[in-house]
Amino acid sequence: MLTRLLTKYHLTMTDVEIGGERCMTQYVATGRRALHEVQYCLWALAQATDTKCWFNKAARYTGGEKRIVWFGLPPDVEMAVYLTGAIKAAMDRELAGWRIRARAVGDETGRSSAHSFLVGMAGRVSERLLAIKANDRASTLASTGRDLVVVKDAVVKREFAKLGLKLRSNGSSGTGARDSAALAAGRAAGDRVAFNRGVGQGGGGTALLGR
């Protein structure tokens with residue numbers, strides 16, 4: 001009976017298994033009221049991991065810090081949370097190194113320039129994430145004939161609707177990046193971020209976005 005149904009509706013066992021999954025919500029604490037520039041990677045991260053992402057304020061006892069909220073299938077949420085932390089750590093490391101090099105040659109390294117550097121880095125990381133995902137999606141489609149993104153998107157939309165949440169834009173526009181040299185340096189730094197360790201893997205794990 002199952003075989004006949006799969007054949008009739010052009011489904012695979014993967015489709016059926018994913019369709020029966022339940023989504024989860026996970027919060028990432030930022031420890032601050034103003035979000036880190038990693039926020040400029042979050043849309044690309046959501047696309048790359050087939051998840052939804054938004055911000056909310058934690059309870060009053062935390063000082064009203066903003067939290068990043070990830071929602072989706074459990075393995076995808078785990079991936080998104082890991083990548084958020086890994087990219088933020090890489091941005092902080094690259095920023096520290098850039099400041100040392102920039103100060104050595106007398107370049108500006110103040111808050112505005114640092115912000116421009118991180119915005120540039122976030123932009124380049126986002127481009128790379130989307131390219132990796134597009135390649136991964138094309139490879140899966142070519143090898144299996146199935147587009148798992150479509151299947152998972154239907155599940156996430158169904159489960160998100162059950163939450164009854166109404167998300168809205170924060171009303172901000174632009175990134176505020178004004179230092180073109182720092183922006184370019186940040187983009188170069190974005191090329192140095194490695195995406196070669198899988199969730200739950202050791203140092204030589206599989207590709208992060210591999211399926």
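Trainee: Leaving aside its neighbours within four places in sequence, which residues is Arg178 in contact with?

Mentor: Ser112 and Ser116, once neighbours within four places in sequence are set aside. Keep in mind that this is a predicted model. Arg178 sits in the loop between α6 (148–163) and α7 (180–190). Arg178 is exposed, because its relative accessible area is 71%, and the cut-off for exposed is over 50%. Arg178 and His115 are 63 residues apart in sequence, yet their C-alpha atoms are 8.7 Å apart in space.

Now turn to α5 (111–144) and its partner α4 (74–104). The axes of α4 and α5 come within 10 Å and cross at roughly 135°. α4 is therefore oblique to α5. The crossing is right-handed. From α4, the contact is made by Ile87, Ala90, Met91, Glu94, Leu95, Trp98 and Arg99. From α5 come Ser113, Ala114, Phe117, Leu118, Met121, Ala122, Val125 and Leu129.

Several of these names return in the core. The largest nonpolar core has 32 residues, and Trp70, Ile87, Phe117, Met121, Val125 and Leu129 touch the most other members. At least two residues of this core come from each of α3, β3, α4, α5 and α7. α4 gives the most, with ten residues. A second, separate core has eight residues, including Val69, Val155, Val156 and Phe160. In soluble globular proteins, nonpolar side chains tend to be buried together.

Take α3 next. Helix α3 (residues 42–49) is largely enclosed by the rest of the structure, because six of its eight residues are buried. Those are Leu42, Ala44, Leu45, Ala46, Ala48 and Thr49. They pack against β2 (52–57), β3 (66–72), α4 and α5. Asp50 follows α3, with a positive phi, near 60°.

Last, confidence. The mean pLDDT of the protein is 80, and 78% of its residues reach 70 or more. Among the elements, α7 has the highest mean pLDDT, 95. Helix α1 (residues 2–8) has the lowest, 50. Over residues 197–211, pLDDT stays under 50. The model has 33 contacts beyond four places in sequence for that stretch. Where pLDDT is low, the predicted coordinates should not be read in detail.

Notes: Residues are numbered from 1 along each chain as its sequence is written. Side-chain values use heavy atoms; hydrogens and water are left out. Helices (H or I, at least four residues) and strands (E, at least two) are DSSP runs, numbered from the N terminus. Buried means under 20% relative accessible area, exposed over 50%, partly exposed in between (1.4 Å probe, protein chains only). Contact means heavy atoms within 4.5 Å. A nonpolar core is a set of buried Ala, Val, Leu, Ile, Met, Phe, Trp, Tyr and Cys residues joined through side-chain atoms within 4.5 Å. pLDDT is the predictor's confidence in each residue, from 0 to 100. Axes are lines fitted to C-alpha atoms, for helices over the stretch in contact, and angles run from 0 to 180 degrees between N-to-C directions. Angles under 35 degrees count as roughly parallel, over 145 as roughly antiparallel, 65 to 115 as roughly perpendicular and the rest as oblique. A crossing is left-handed if the near helix is turned anticlockwise from the far one by less than a right angle, and right-handed if clockwise.
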